[in-house]
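Biologist: Could you take me through this structure step by step, setting each value beside the definition that gives it its name?

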Amino acid sequence: MMPKKTRAVVGYILAGMAMLVLFLYLRFPEKIVKDFIESAASARCPGIRLSLGTTRPAIPPGLRLEPVEAVFPAHPGATLRADRLTVRPAWPPLFRGRFAFLTEAESYGGRIRGRIDFGNILTVKGPFTATADFGDIRLEKCAWLRETLARQAAGTLKGSVSFNHAGESLRNGTGDLTFTLSNVNWPLTEPLFGFSRLDFSRVEATIGFRNGSLKITELFLDGNRLKIALKGDVILSDNLPESRIDLNGTLEMPGQGNRRVKVAIGGTLRSPQTRFM
């Protein structure tokens, strides 16, 4: 059993810590912190304007932001939003003089958990690595996706992503993305085999990012009426909807005796063009 004197000392320490936390919460400089985060984000990513709602301290130590919205001034309708974002320091790298942060977000009905590690001593400038996993994201709730694809796609997304930035342009970074979509609804701008939309029970993809391009090593779309397997490249543009597509693969129609045809998809993300061979 802990001695009475020791219990008293521990009690005083805990009480002092509680008073310190309460003081920091009540006297938290919200506007200063909010302005700093927004200006730092604009300096790091000039094409994006970050808008924060309330900014409060979190326990364990960190910041709780709600909501958070990323606006692309060149495309005002294309916004990314998190209802809540919590950012906490990762302590072991900090003790070695490098910043690292753990993040948790609630967004579009789902959740995102991530980590970012900065390579230089006591600065967030320069190289960094970032990883995240996500789940239960509802595509139909995302205004950015609707604006980019020029259509209202629907489905539930889960997966993981990693990115390594060497400190130069973000386009020179490298990364990997794997994801699964379920209950997908994809409206078509022109009918395909008499369909005005495509429905897939499951979509799976494995994608790499190198030299400003997406390398799609696997993209499989599984539906009752169509099964599609694709691979190829997407050459990214500064204006993302105008990114060029170069995909090839096969299309199978179970309702027509598993008839199979070769398919090529070109054009842009906003206006894809499909050819059958």
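This is a predicted model: local features need pLDDT of at least 70, side-chain atom pairs count only at pLDDT 80 or more; totals for chains, interfaces and linings use all residues.

Biologist: Where does Asn185 lie, and what does Asn185 touch?
Modeller: Asn185 lies in strand 9, which covers residues 174–192. Not counting residues up to four places away in sequence, Asn185 touches Gln152, Ala153 and Ala154, and also Arg197, Leu198 and Asp199.

Biologist: What makes the pair Asn185 and Asp199 a polar contact?
Modeller: Their side chains are joined at 2.9 Å, and a polar contact needs a pair of N or O atoms within 3.5 Å, one able to donate a hydrogen and the other to accept it. The value of 2.9 Å lies within that limit, and therefore the pair Asn185 and Asp199 is counted as a polar contact.

Biologist: Why is Glu252 called buried, although Glu is a charged residue?
Modeller: The label rests on accessible area, under 20% for buried, and Glu252 has 17% relative accessibility, so Glu252 counts as buried. Glu252 has its place in strand 13, and a polar contact of 2.8 Å joins its side chain to that of Arg260. Leaving out residues up to four places away in sequence, Glu252 touches Arg225, Leu226, Lys227, Asn258, Arg259 and Arg260.

Biologist: Which peptide bonds are cis, from Ile59 to Pro60 and from Glu66 to Pro67?
Modeller: The bond from Ile59 to Pro60 is cis, with omega near 0 degrees, and the bond from Glu66 to Pro67 is cis as well, with omega near -10 degrees. Pro60 lies in the loop between strand 1 (49–58) and strand 2 (62–72), whereas Pro67 lies in strand 2.

Biologist: What makes a group of residues a nonpolar core, and how many residues has the largest one?
Modeller: The members must be buried residues of the nonpolar kinds, joined through side-chain atoms within 4.5 Å, and the largest such core has 34 residues. Those with the most contacts inside this core are Phe179, Phe200, Val203, Leu226 and Leu230. Several elements give two or more residues to this core, including helix 4 (143–149), strand 9 and strand 12 (227–235), and the largest share, seven residues, comes from strand 10. Apart from this core lies another, of eight residues, among them Leu52, Leu65, Ala82 and Leu85. In soluble globular proteins, nonpolar side chains tend to be buried together.

Biologist: How many cavities of 30 Å³ or more does the structure hold, and which residues line the largest?
Modeller: The structure holds one cavity of 30 Å³ or more, and about 30 Å³ of space lies in the largest cavity. Its lining is formed by Phe195, Arg197, Leu198, Asp199, Phe200, Arg225 and Leu226.

Biologist: Why does that lining count as four nonpolar and three charged residues?
Modeller: Phe and Leu count as nonpolar, while Asp and Arg count as charged, so the lining divides into four nonpolar, no polar and three charged residues.

Biologist: What share of the protein counts as buried?
Modeller: Of the 277 residues of the protein, 31% count as buried, and the protein has four helices and 15 strands.

Methods:
Residues are numbered from 1 along each chain as its sequence is written. Side-chain values use heavy atoms; hydrogens and water are left out. On a 1 Å grid over the protein atoms alone, a cavity is a set of points where a 1.4 Å probe fits but cannot get out, and a pocket is an open set with protein on both sides within 12 Å along at least five of seven lines; lining residues have an atom within 4 Å of a point. Grid points are joined across faces, edges and corners, and a volume is the space filled by probe spheres set on the points. Contact means heavy atoms within 4.5 Å. Buried means under 20% relative accessible area, exposed over 50%, partly exposed in between (1.4 Å probe, protein chains only).
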